[in-house]
Amino acid sequence: NLPREAAIGVDPWCVSVDTAQRWERAFAKNQQKLIQTSSNLVDEVWKNQPPAETNPVIVHPLEFAGRSVAEKLKDLREKLAIERARGIIITALDEVAWLYNIRGSDVSYCPVVHAFAIVTLNSAFLYVDKRKVSSKVSSSVQENGIEVREYGAVSSDVALLASNQLDKDTGLSSGRNDVCETGTCEAEENNNDLIWVDPASCCYALFSKLDAKKMLLQQSPLALAKALKNPVELDGLRNAHIRDGAAVVQYLVWLDKQMQEIYGASGYFLEGKGASKKRSETMKLTEVTASDKLEGFRATKEHFRGLSFPTISSVGPNAAVIHYSPQPETCAELDPDSIYLFDSGAQYLDGTTDITRTVHFGKPSEHEKACYTSVLKGHIALGNARFPNGTNGHALDILARIPLWRYGLDYRHGTGHGIGSYLNVHEGPHLISFRPQARNVPLQASMTVTDDGAFTDSIWKFHFPEPGYYADGNFGIRLENVLVIKEADTEFNFGDKGYLSFEHITWAPYQIKLIDLSLLTPEEIEWLNTYHSKCREILAPSMDKNELGWLKKATEPVSA
């Protein structure tokens with residue numbers, strides 16, 4: 001909309017390389033230019049801006065991390081050498097946290113630290129507000145050969161890196177002997193002259209200080225390394241999901257009782273219209289008060305550190321909004337005659353969780369049952385898949401959609417995402433989706449991925465591993481489990497490729513009264529009964545007598 005040859009200013013610290021270059025190409029069509037502003041204009045006019053918080057940096061213990069910083073740095077430097085790079089700039093906060101085995105609380109719901117990192121063949125740096133770093137943490141970091149520098153020093157240090165002066169500017173040396181066991185360091189230094197930059201996450205400000213001819217613009221090698229969970233991380237994730245599943249079941253037991261007592265609902269197990277029991281205004285449940293109670297159950301669990309994202313607690317029409325965010329002032333009251341969807345998760349020291357369940361405490365309609373069952377069928381189909389090594393998430397995406405396609409329905413978003421190990425609840429680089437980027441990274445053993453499908457009435461939208469359906473303006477359904485990709489034990493091994501399958505690590509029942517059992521195949525019913533049997537077995541030790549009785553009833557075997 002601007003005239004030809006106009007200049008468009010951006011804060012280069014807030015724009016990625018990919019975004020800036022895409023804008024530059026678009027602007028160039030009108031001979032327009034992208035200009036980097038020297039300051040953030042919002043800061044210029046923001047009066048009474050609060051100071052940045054100084055939340056402490058925490059060392060993530062090896063008992064949860066599973067791999068030492070030294071091991072991770074050695075692997076990273078080997079990748080640098082292979083790509084003929086002498087250094088890498090790391091700007092994704094979860095990558096910095098994972099590489100250096102640190103955590104923090106600078107970003108809501110994500111245990112990361114506002115920080116940058118630079119790693120060369122000889123040195124490693126952490127750029128962070130030093131007020132956040134205790135003497136104990138500083139000693140731990142320095143023991144791994146990492147020099148802690150002030151957050152703002154990253155700009156000048158990237159310029160030094162570009163001129164090959166950064167290593168000469170520090171007395172610390174990290175990992176040289178580990179990487180150069182064959183004595184080839186001098187040759188590597190002479191031959192490796194590229195700086196590795198991830199264009200999707202590196203800010204334009206740091207990119208602009210580098211020589212374009214000596215850059216390796218490529219996805220960070222840490223993205224895949226972080227996604228491939230080690231055995232300790234996998235065990236931690238399994239244990240975290242057991243505790244989390246117990247909290248979800250305890251919440252459902254409590255919610256079932258409240259809906260019956262306050263609203264006269266028939267409850268989780270029986271079908272019937274609410275009795276419209278008269279009650280006082282002090283006795284009511286809202287989307288927010290209910291989700292607060294769920295957080296309270298999680299907070300009692302070992303290693304709990306907070307939620308992994310704002311809980312999506314949604315009733316009726318609100319459940320049709322995929323990323324609905326209830327607010328205390330405007331949220332809806334729970335309704336015994338409407339669908340209730342809750343998508344939630346938590347951060348534990350040993351793992352991150354993400355689960356969605358959809359329930360009804362009154363009498364669901366036949367349409368609601370059909371929708372729920374279709375979502376469940378897709379959920380089961382993807383979770384039961386077996387596929388050869390080298391298969392990407394784009395190829396598997398169809399499995400979640402087929403039950404919907406039979407009705408001429410579909411959904412407009414992706415199907416599954418990776419999940420962090422006490423890190424971000426959404427993690428790449430892999431995903432299960434119809435989008436082209438799902439072809440970029442094959443699924444591999446020891447990755448995690450969600451299985452969530454969803455549905456909204458009138459427009460079907462499916463999000464796996466939370467398969468779902470959303471009936472716009474009416475109701476929404478979503479089911480989501482976290483899966484671990486593992487090697488499959490197949491009778492044959494065509495092409496010697498090796499085959500993969502999924503392991504469910506999320507444990508919470510599916511509501512039987514929302515399922516039209518006549519629509520399930522014998523194999524699907526067998527899967528449902530097996531899953532529910534495992535729920536009973538795994539969660540029973542965490543239940544009191546009343547909760548265990550409820551769980552047994554919720555997981556009773558079914559037949560068509």
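Predicted model: local features only at pLDDT ≥ 70, side-chain atom pairs only at ≥ 80, totals over all residues.
Me: Why is the pair of W13 and F116 called edge-to-face?
Reply: The ring centres of W13 and F116 are 6.2 Å apart and their planes stand at 65 degrees; since rings pair if their centres lie within 6.5 Å and planes over 60 degrees apart count as edge-to-face, the pair is edge-to-face. W13 belongs to the loop between β1 and α1, whereas F116 is in strand β6, 103 residues apart.

Me: What makes W13 partly exposed and F116 buried?
Reply: Buried means under 20% relative accessible area and exposed over 50%, with partly exposed in between; W13 has 40% and is therefore partly exposed, while F116 has 8% and is therefore buried.

Me: Why is the pair of F304 and Y348 called edge-to-face?
Reply: The planes of F304 and Y348 are at 70 degrees, with the ring centres 5.9 Å apart, and because the cut-offs are over 60 degrees for the planes and within 6.5 Å for the centres, the pair is edge-to-face. F304 lies in strand β11 and Y348 in strand β14.

Me: How do you know that F304 and Y348 are buried?
Reply: The limit is under 20% relative accessible area, so F304 at 15% is buried, and so is Y348 at 0%.

Me: What makes R243 count as sitting over the ring of Y348?
Reply: The charged end of R243 is 5.2 Å from the ring centre of Y348, and the distance part of the rule asks for CZ of Arg within 6 Å; R243 is accordingly listed as sitting over that ring.

Note on methods
Residues numbered from 1 in each chain as written. Heavy atoms only, no water. Phe/Tyr/Trp six-rings, centres within 6.5 Å; stacked < 30°, edge-to-face > 60°. Helix = DSSP H or I, 4+ residues; strand = E, 2+ residues; numbered from the N terminus. Buried < 20%, exposed > 50% of the residue type's maximum accessible area, 1.4 Å probe, protein only. Lys NZ or Arg CZ within 6 Å of the ring centre and 35° of its normal.
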